[in-house]
Amino acid sequence: MLRIGLGEDSHRTQPGGPLRIGGVNVPHDHSLVGHSDADVLLHAVTDALLGAAGLTDIGRLFPNTDPANRGRDSADFLRLAYAQVQAAGFELVNLDCVVAAERPRLAPHNDVIRQRIAEILGVSPTQIGLKAKTGEGVGPVGRGESIEARCVALVTKGQ
Ligand code: MG
């Protein structure tokens with residue numbers, strides 16, 4: 001059985017780097033605002049996987065009202081969520097992700113980020129797709145006020 005899930009997230013930017021994205025610290029003069037480490041990409045991946053397995057969502061699993069989640073490494077969220085997905089009998093087939101950020105250029109960091117996500121999930125980097133887009137100077141992303149991420153996840157369950 002194959003199932004698909006979709007995850008989306010956005011976070012506001014704030015002055016001061018580095019930018020935490022995909023479990024990697026990217027050198028930049030801005031970072032993202034959030035209760036945890038505000039890793040917009042890992043949040044989208046986490047929700048895509050949970051959705052594919054028909055489980056809850058990241059907000060209910062790791063509430064931002066819980067002090068334990070303050071400043072927390074979002075790799076923890078993803079690892080714990082994928083453990084629940086696996087406990088429900090599913091394995092990842094592949095992820096495909098898009099990050100929309102006016103700055104910095106993420107393409108040079110693409111391979112490192114894919115490697116890191118694969119490492120968190122215990123899968124091959126060939127199972128992780130990642131594309132970087134800009135906001136074309138339009139809207140909150142284009143003005144550099146926020147960064148957005150989207151992810152689709154395909155999972156499979158054995159007979
Ligand atoms: Mg988030």
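1. Leucine 6 is found in strand E1; helices (H or I, at least four residues) and strands (E, at least two) are DSSP runs numbered from the N terminus. Leucine 6 is exposed, with a relative accessible area of 56%. Here buried means under 20% relative accessible area, exposed over 50%, and partly exposed in between (1.4 Å probe, protein chains only). Neighbours within four places in sequence aside, leucine 6 is in contact with Asp47, Ala48, Cys151 and Val152, where contact means heavy atoms within 4.5 Å. Between the C-alpha atoms of leucine 6 and aspartate 111, 105 residues apart along the chain, the separation is 22 Å.

2. A note on the basis: this is a predicted model, in which local features need pLDDT of at least 70 and side-chain atom pairs count only at pLDDT 80 or more, while totals for chains, interfaces and linings use all residues. Residues are numbered from 1 along each chain as its sequence is written, and side-chain values use heavy atoms, with hydrogens and water left out.

3. Alanine 48, one of the contacts of leucine 6, lies in helix H1. Alanine 48 counts as buried, at 0% relative accessibility. Apart from neighbours within four places in sequence, alanine 48 is in contact with Gly5, Leu6, Gly7, Cys151, Val152 and Ala153. Alanine 48 and glutamate 102 are 54 residues apart in sequence, and 23 Å apart in space from C-alpha to C-alpha.

4. The magnesium ion is coordinated by Asp9 (OD), His11 (NE2) and His43 (ND1), at 2.1 to 2.2 Å. The spacing of these donor residues in sequence is D-x1-H-x31-H. Histidine 11 lies in strand E1 (residues 2-15) and histidine 43 in helix H1 (residues 40-52), so the pair ties together parts that are 32 residues apart in sequence. Histidine 11 and histidine 43 are buried. Donors are N, O and S atoms within 2.8 Å of the metal (3.2 Å for Na, K and Ca); water is not among the atoms, so sites may look incomplete.

5. Helix H3 (residues 74-87) has 14 residues and reaches 20 Å from its first C-alpha to its last, close to the 20 Å expected at 1.5 Å a residue; the expected span is 1.5 Å times one less than the number of residues. The buried residues of H3 are Ser74, Ala75, Phe77, Leu78, Ala81, Tyr82 and Val85. They cover an arc of only 150° around the axis, which puts them on the same side of H3; the arc is that of the directions from the helix axis to the C-beta atoms. Their packing partners are H1, helix H2 (58-61), strand E5 (90-100) and helix H4 (110-121).

6. At the N-terminal end, H3 is capped by aspartate 73, with a side-chain oxygen 2.9 Å from the backbone nitrogen of alanine 75. Glycine 89 follows H3 and has a positive phi, near 100°.

7. A search of the whole structure finds one aromatic pair. Phenylalanine 62 and phenylalanine 77 form this pair, which is stacked, at 4.5 Å centre to centre and 25° between the planes. Rings of Phe, Tyr and Trp (its six-membered ring) pair if their centres lie within 6.5 Å; planes under 30 degrees apart count as stacked, over 60 as edge-to-face and the rest as tilted. Phenylalanine 62 lies in the loop between H2 and H3 and phenylalanine 77 in helix H3, so the pair ties together parts that are 15 residues apart in sequence. Both phenylalanine 62 and phenylalanine 77 are buried.

Conventions
Polar contact = N/O pair within 3.5 Å; in protein donor to acceptor, adjacent residues only side chain to side chain.
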